[in-house]
Amino acid sequence: MNTNAALMNEDGVLPAEDLPGDFAIWIFILAEMLVFGVMFIVYAFARAHQLEVFNASQLTLNRGLGTLNTIILITSSYFVVRSVAAIKVNDARQSARWLLGAMALGAMFIVVKLWEFNEKFSAGITLETNDFYMYYLTLTSFHLMHVLMGMIILGCIVFKLRNGDYTAAEHFGVETGASFWHMVDLLWIILFPLVYIIH
Amino acid sequence: MDHTFPTGLYHPLIMNKPINHFSTRIWLVLIMLTMLTFAIGEEVAQGKAVMLSVLAIAFIKGQLIANYFMGLRYVSWLWRGIIMGYFVVVGGMVAIAYLL
């Protein structure tokens with residue numbers, strides 16, 4: 001623990017680090033969370049006005065697929081953590097591998113979600129069926145767009161990692177993309193129980 | 001006191017390897033909490049206490065992701081406060097809507 005002692009102040013306290021990644025991404029993350037947060041609250045109050053419709057429709061959702069997608073997204077976030085850890089020790093190859101793994105899981109999330117949508121569309125359910133399905137389809141598709149956007153961001157970082165653009169000393173971009181990906185995970189952590197579980 | 005560094009805790013700046021193992025443990029806890037949420041959704045006849053428990057699980061998962069995956073554990077308390085506040089406000093409003 002001697003190395004730690006060198007960084008501590010006289011109170012034995014480590015200095016706070018800067019936010020991981022670009023400060024601008026954190027403003028963007030807060031803005032996105034605000035938009036989703038308002039939608040979550042609107043959903044909850046809309047439900048309060050149509051309890052029976054919401055409860056009956058919610059029971060038709062595939063909770064197994066919702067849970068599978070939660071596990072997929074959490075695991076992809078973990079892979080991104082490992083990627084950031086790898087570039088911090090200058091292992092760009094390993095960092096890129098973890099990110100490719102996270103992207104593969106992102107693709108799995110999209111496939112599972114489209115499968116789920118297909119089940120609903122095949123049963124004749126659309127945005128206009130009732131308010132519950134309108135919220136369910138809108139919230140989950142909007143979130144899906146963010147998964148897609150996150151995958152594009154991670155793809156750009158993989159390209160730059162392979163190009164040798166990031167090192168242990170300079171990996172700001174990796175942390176910026178990682179923060180966005182974790183936000184996508186964070187939003188799903190609320191969306192999943194809200195829309196699939198609690199009634 | 002937030003940045004006190006007791007033995008057994010790892011700081012990513014200093015010890016990269018241990019934080020990997022630590023993040024694996026966080027991942028395992030997150031998976032277990034997800035399975036618990038699923039089990040509640042499948043088995044339990046829901047009431048207010050169950051609804052609040054599921055929201056509490058989401059709160060814990062959110063804190064674990066923000067602090068250990070996003071790395072907010074080591075930045076200014078303000079950012080941890082914002083994320084925690086977000087979960088409290090959104091979760092609280094959802095709970096109010098369900099209790100109405």
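How many of the 100 residues of chain B count as buried, as a percentage? The share is 29%. The legends below describe a predicted model.

**Figure 1. Overview of chain A, a chain with 7 helices and 0 strands.** From the N terminus, the elements follow the order α-α-α-α-α-α-α. Along the principal axes, the C-alpha atoms of chain A occupy a box of roughly 60 × 40 × 30 Å. Chain A has 199 residues, and 42% of them are buried. Among contacts in chain A with a separation of 6 or more, 81% are made by residues 24 or more positions apart.

**Figure 2. Overview of chain B, a chain with 3 helices and 0 strands.** Read from the N terminus, its elements are α-α-α. Buried residues account for 29% of the 100 residues of chain B. Residues 24 or more positions apart provide 53% of the chain B contacts that have a separation of 6 or more.

**Figure 3. The largest nonpolar core, with 75 residues.** The residues with the most contacts inside this core are A:Val80, A:Leu99, A:Ala102, A:Leu154 and A:Leu187. Both chains take part: at least two core residues come from each of helix H2 (23-49), H4, H5, H6 and helix H7 (172-197) of chain A, and likewise from each of helix H1 (16-43), helix H2 (48-69) and helix H3 (77-99) of chain B. The most is given by H7(A), with 17 residues.

**Figure 4. Close-up of A:Val80 and the residues in contact with it.** Apart from neighbours within four places in sequence, the contacts of A:Val80 are A:Trp98, A:Leu99, A:Ala102, A:Ala178, A:Trp181 and A:His182. Of these partners, A:Leu99 and A:Ala102 are, like A:Val80, listed among the residues with the most contacts inside the largest nonpolar core.

Figure 5. Not counting residues up to four places away in sequence, A:Val158 touches A:Ala96, A:Leu99 and A:Leu100. A:Leu99 is 59 residues from A:Val158 along the chain, yet their C-alpha atoms are separated by 6.7 Å.

Figure 6. A:Asn90 is not a glycine, but its phi is positive, at about 70 degrees. The residue counts as partly exposed because it has 13 C-beta neighbours inside 10 Å, a count between the limits of 12 or fewer for exposed and 20 or more for buried.

**Figure 7. Spans of chain A annotated in UniProt.** An unreviewed UniProt entry lists "domain: Heme-copper oxidase subunit III family profile" for residues 23-199 of chain A. In the model, residues 23-199 are 85% helix and 0% strand, with end C-alpha atoms 38 Å apart. The "transmembrane region" annotation, also from an unreviewed UniProt entry, covers residues 23-46, 66-85, 97-115, 135-159 and 180-198 of chain A. One of these spans, residues 97-115, is 100% helix and 0% strand, and its end C-alpha atoms are 27 Å apart. Another, residues 180-198, is 95% helix and 0% strand, with its end C-alpha atoms 27 Å apart.

How values were computed. Residues numbered from 1 in each chain as written. Chains lettered and ligands numbered in written order. Predicted model: local features only at pLDDT ≥ 70, side-chain atom pairs only at ≥ 80, totals over all residues. UniProt positions renumbered as here; feature names shortened; annotations may be inferred. Helix = DSSP H or I, 4+ residues; strand = E, 2+ residues; numbered from the N terminus. Contact = placed C-beta atoms within 7 Å. Core = buried A, V, L, I, M, F, W, Y, C linked by C-beta atoms within 7 Å.
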